[in-house]
Number of protein chains: 2
Amino acid sequence: MEPNPVIKGSLTTIILKLLEQNSRMYGYEMTRAVREVTKDRMDITEAALYPALHKLVDEGLLETTSEVVEGRIRKYYSLTKKGKKESLIKINALKEALESLNLILNSNLGNA
Amino acid sequence: MEPNPVIKGSLTTIILKLLEQNSRMYGYEMTRAVREVTKDRMDITEAALYPALHKLVDEGLLETTSEVVEGRIRKYYSLTKKGKKESLIKINALKEALESLNLILNSNLGNA
DNA sequence: ATTAATACCTAACAAAATTAGGCATTAAAA
DNA sequence: TTTTAATGCCTAATTTTGTTAGGTATTAAT
């Protein structure tokens, strides 16, 4: 079973959600966390992830600190004050959008 | 309250779902149906809808018949045989993706 | 010595929606 | 009666976002 790709537009919100619950994480760790909670049913690719992280830093929602752990660089990301506000908004917006989508996918639309 | 935009990538599946339950619909009608079931919380724009419909026709998933009703043209779309098969697959794939997303948005990710 | 896992990254491209319109008819409101 | 809202179709340019396809480097296991 190939994992589902990320639903377009949701990656940024996924990142914010992860950081809302963990205070700091590094990129590679995020990819593992998503695989773990979704039991390999969703995969966020690094090629999408890193540019998304950099964009969030540019927008002032994330800040970074780097560390060397076991000879390898880890770049930790965490929410800024602005990022904390925005994450609440975006997580909520996505949840609402998912509820609407579920309504469409699970309702009888017109032929009742 | 501005309606949520369609979650990117889901529009095609929404169309297939609508036609799975209605046998035939025209574009404008689809926009109203989505607004109705989601109580105006989701809006599918015509600028996204019509190109998506044309693409589905090109791919052989939809077929069309046109009618003039009250002086205005209506272009009805319905699922082809191939479209019926594909709609089941795509609707299911989207549902699975939504479940994964819900797992991410509603779980405790690491700080439990 | 090679492979897998960890850990970061970019560039070219494609997919999909948004923004910003256009055109035409009918019904309602000013 | 002229303007606006609703119905109904559509396209073009741009932007957003992810995919494909790599690259680099270290550590641990085979």
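Helices and strands here are DSSP runs, numbered from the N terminus. The model is predicted. Keep both points in mind as you click through.

**Stop 1: Thr80(A)**

Select Thr80(A). This residue lies in the loop that links β5 (72–79) to α4 (81–106) in chain A. Is Thr80(A) buried or exposed? Its relative accessible area is 14%. The cut-off for buried is under 20%, so Thr80(A) is buried. Now show its neighbours. Leaving out residues up to four places away in sequence, Thr80(A) touches Gly60(A), Leu61(A), Leu62(A) and Glu63(A).

**Stop 2: the two copies**

Zoom out to chains A and B. Chain A superposes on chain B by a rotation of 179°, with 0.0 Å of shift along the axis. The RMSD is 0.1 Å. That is how a two-fold axis relates its copies. Which C-alpha of chain A is nearest the axis? Select Lys8(A): its C-alpha is the one, at 2.5 Å. Both copies use the same surface, and 100% of the contact residues of chain A recur in chain B.

**Stop 3**

Some background before the next picks. Most residues other than glycine have a negative phi.

Select Ser23(A). Its phi is positive, about 65°, although the residue is not a glycine. Look for Ser23(A) in the loop between α1 (11–22) and β2 (25–26) of chain A. Its relative accessibility is 54%, so Ser23(A) counts as exposed.

Switch to chain B and select Asp40(B). Here phi is near 65°, again positive in a residue other than glycine. Asp40(B) sits in the loop from α2 (27–37) to β3 (42–43) of chain B. With a relative accessible area of 48%, Asp40(B) is partly exposed.

**Stop 4: α1 against α4 in chain B**

Two packed helices are described by the angle and the distance between their axes. Stay in chain B and select residues 11–22, helix α1, together with residues 81–106, helix α4. Their axes come within 9 Å and cross at roughly 125°. α1(B) and α4(B) are therefore oblique to each other. The crossing of α1(B) past α4(B) is left-handed.

Which residues meet here? Show these side chains:

- From α1(B): Thr12(B), Thr13(B), Leu16(B), Lys17(B) and Glu20(B).
- From α4(B): Ser87(B), Leu88(B), Lys90(B), Ile91(B) and Leu94(B).

Colour them by class. The contact of α1(B) with α4(B) holds four nonpolar, three polar and three charged residues.

How values were computed. Residues numbered from 1 in each chain as written. Chains lettered and ligands numbered in written order. Predicted model: local features only at pLDDT ≥ 70, side-chain atom pairs only at ≥ 80, totals over all residues. Heavy atoms only, no water. Helix = DSSP H or I, 4+ residues; strand = E, 2+ residues; numbered from the N terminus. Buried < 20%, exposed > 50% of the residue type's maximum accessible area, 1.4 Å probe, protein only. Contact = heavy atoms within 4.5 Å. Least-squares fit on C-alpha atoms with pLDDT ≥ 70 in both. Axes fitted to C-alpha atoms, helices over the stretch in contact; angles between N-to-C directions. Parallel < 35°, antiparallel > 145°, perpendicular 65-115°, else oblique. Left-handed = near helix turned anticlockwise from the far one by under 90°. Nonpolar A, V, L, I, M, F, W, Y, C, P; charged D, E, K, R; others polar.
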